[in-house]
Amino acid sequence: MFLRRTLLRRHSVLPGFDLALGFALLYIGLIVLIPLSAAFLKTFTLSWPQFIAATTSPRVLASYRLTFGASFAAALLNAFFGLIIAWVLVRYRFPAKRVVDALVDLPFALPTAVAGIALTAIYAGNGWIGKWLPFKVSYSPLGVFVALVFIGLPFVVRTVQPVLEDVNRELEEAAATLGANRWQTFTKVVFPIVMPALLTGFALAFARALGEYGSVIFIAGNMPMISEITPLLIITKLEQYDYAGATAIAVVMLVSAFVLLLVINALQAWARKRQGGV
Amino acid sequence: MSKSSISRRRRAVISLLFSAAAFNAAAAEITLLNVSYDVSREFYKDFNAAFAESWKKGGGDKITINQSHGGSSRQARSVVDGLEADVITMNQANDIDILFEQGKMIPPDWAKRLPFNSSPTSSVSVILVRKGNPKNLRDWSDLGRAGISVIIPNPKTSGNGRYTYLAAWGAALQNGVSPAAAKALVTRIFANVPVLDGGGRAATTTFAQRNLGDALVTFESEVPLIEREFGGGYEVVYPTRTILAENPVSVVDKVVDKRGTRKAAEAYLNYLYTDAGQEIAARHHLRPRNAKALAQHAKDFPKVTTFTVDEVFGGWKKAQKEHFDDGGLYDQVIATAKTR
Amino acid sequence: MSAQSLPGAKPGLAAAAASEGVPSVPRRKSTDEPAWVRRLLIGSALAFLTLFLFVPLGTVFYEAFRKGAAVYLAAIVEPDALSAVKLTLLATVISVPLNLVFGIAAAWCIAKFDFHGKNLLLTLIDLPFSVSPVIAGLIYVLVFGLQGWLGPWLHEHDLKVIFAVPGIVLATVFVTFPFVARELIPLMQAQGIEQEEAARVLGAGGWQIFWRVTLPNVKWALLYGVILCNARAMGEFGAVSVVSGHVRGQTNTMPLHIEILYNEYQFAAAFAVASLLAGLALVTLVLKYVVEQRVKASMKVQHEH
């Protein structure tokens, strides 16, 4: 009864609030909040200058550049092709469309380590695709990019698809009546409707790529300053018994992830309002 | 009311899980956990079987030895964090020193407890090249030539990698060059490294399976396995001087005293020094200390001038501090190497 | 609408044909792209998917069977592989129901009530989703490791959490935390509270409302969330790698076992075990597709009410 009395904004006749919320809070507290706070508390053992040193040394900065840069680029590519794929799946018919539609979720269901070794084998110098390419993919930042494109693929497609399906074709017909060609109709009518979802999908793919470890670790070269991702740096620091340094970098990543999440949720709320929801 | 009944149920489930784990530890037969480094897998497979036989013959109960392998630093860190290893078998002393410094799990003079500084076997760092040695790589200085690419595992996470670094550096010093020139050579070598894998095995895969690199620096003990698994496309080059990688072992006192397995753990390590144990080591291309085994496998272990970390670098503790800690010489080397 | 008034349409053919009494050539609709655009889009979509999706999937199975079916089977039934499978299943069987119960509880309060801090709760639920798995493992080491908060106490009482099964379960629970909740919340929000309130008015108690009104409405979304949670739990690598002790035959899950095989140069065997997980992923996708159709149907039914 305590939670109901203090937190509820609007009176409700439905039962079970205290039980459900209480359990949820307990669960989150034990599994998520308390362990996460361990990371923050460990970081607080560092003085401010130490924290700055640990999180902004050249090697760490290089890893941020790689992790954030590759994630951003991968999410961008996924946004572009994700829109095309969603369009193609919603609007057109072609053989095996159902199979393709189902397979789009493969990166979501396939274990990251499996994806990692498969991609490394394919793009290595003697791999199926790697041997045709004049530049190095495996063991380079490009390899990191490829792995991140793989795991972010479903996010844009699956966020954009439902919105695209809901687009009212009459709007497009009206535009055509008024004299617009297909490109104008797309850019001025359809794209604005889809844009919030596209942004959300992009942000989700970006967030997912930031933390990714299992699929990247096999294909990255792990060369400091060049192809070392931030999660690997955390592990490296851990193995040198520099727990505080590891948690310092982890805290930077956690805060970035949290900020990104707030942005995503705000985007989704904005998108819902624009669609006429609440 | 309902909240506490749920947490009661959760506690029951959790304690059920814990007691299941504890029950396993209290079972009748003895189990030992050997936490070891990456490339010692095959050796311990054979060794453990032989030891179990010998233990049983000596009147002991059934004994099972579990193995855990990984990059040496990662393994040591796990033991410090609570992985209950009865024995730890590493390829460098400072990974065992950590157990004392970070966790007080062993006495500081652990190395004196067994012969040869507690190192029953050793190995040397060698250079593996493609058949025919097309780039004519003969020594450490050749690895620093322009246009060569070398595969070395990450010295920050791999003992194999650290030995390679120290081998090149130490060989240069032994040849009479100044420390600055030695540093320059090692920097040139690492500028030629395209990928830093986490451990010796991953580096070998990169070299042999992915066909990356003109040379791989690894332990002599790895070579036969590589040849077996990847066919005969390689040659071994012994540099003029190389480092002797001693493989220290120790019981983890804190764990064996708690689990009551001290007798078994000590017998396990002692078996490494027996004729049988040394013979198995020699078969797996680890340089034995035992003269008999050495003589029998003489052709597998060519004579090569070696130096130890103690001789050239003043011991592992000093080497770790000067070279491999954050901000140390290795960090400087890799920073310079990658901006070339 | 005659052909002339639509600027994008092909000029005059249909009108000309119609006026001559010949069956008309199908005309491109005003809301369709020209055929070449269609083909280009489909082509580039498929090319992209082939490069980034189909080839990796095919590689897993190709490499797995490269050395023949005998090697494949041997890799699967090898004792360490079997114990890895068992451990993976155990971790999944424990973490999925736990997250299921949590998901239902969280969805119930978020979807059916309005309270202060609702948005914060939503963000907290999503948090594990964007935390790097490495960090997920690290925090449990900090709490349960020997040098951590509870470490000494656990050690004294001979309770093993980290580097043992409970630690692996915890890490798995953390990374699969949001899946069920995330599937249920939007659906339950869309369904509103009228049916539950009606049941209440008619005198139903809390559990009755839940079992007989709410649950049947969300059963497909629930299944959907469980399927996703299951797939992720079985495949988790990074977080488990940090908290497992890599003890062969005991604390290695399938993804970790794959890494071990890979490090022993047994590539065919590594891909063989990987193909099990890939096969599971495919089954997951099929189930997901089936369930997805049902979810769409049930949402349509909701809207039509």
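## Chain A: order of elements

Chain A reads α-α-α-α-α-α-α-α-α-α-α-α-α along its sequence. That pattern comes from 13 helices and zero strands. The model is predicted.

## Chain A: extent and packing

The C-alpha trace of chain A spans about 70 × 65 × 35 Å along its principal axes. Chain A has 278 residues, and 62% of them are buried. Take the contacts in chain A with a separation of 6 or more: residues 24 or more positions apart account for 71% of these.

## Chain A: surface and charge

The chain carries 22 positive and 12 negative side chains. The centres of these two sets lie 3 Å apart.

## Chain B: an open sheet

Chain B contains an open sheet of four strands. Their order is E2-E1-E3-E9, and the pairing is mixed. Strand E2 (63–69) and strand E9 (249–251) of chain B stand at the edges. Each has a single partner strand, so one side of each is left without a neighbour in the sheet. From one strand to the next, the twist averages 20°.

Strands E1 (residues 30–36) and E3 (residues 87–89) of chain B run parallel. Three bridges join them. B:Asn34 stands opposite B:Val87 in E3(B).

## Chain B: a helix on the sheet

Helix H3 (residues 72–80) of chain B packs on this sheet. H3 touches E1, E2 and E3 of chain B. The direction of H3 makes about 135° with that of E1(B).

Methods:
Residues are numbered from 1 along each chain as its sequence is written. Chains are lettered from A and ligands numbered from 1 in the order in which they are written. This is a predicted model: local features need pLDDT of at least 70, side-chain atom pairs count only at pLDDT 80 or more; totals for chains, interfaces and linings use all residues. Side-chain values use heavy atoms; hydrogens and water are left out. Helices (H or I, at least four residues) and strands (E, at least two) are DSSP runs, numbered from the N terminus. Buried means under 20% relative accessible area, exposed over 50%, partly exposed in between (1.4 Å probe, protein chains only). Contact means heavy atoms within 4.5 Å. Lys and Arg count as positive and Asp and Glu as negative; His and the chain ends are not counted. The place of a charge is taken as NZ of Lys, CZ of Arg, CG of Asp or CD of Glu. Two strands pair if DSSP finds at least two bridges between them. Axes are lines fitted to C-alpha atoms, for helices over the stretch in contact, and angles run from 0 to 180 degrees between N-to-C directions.
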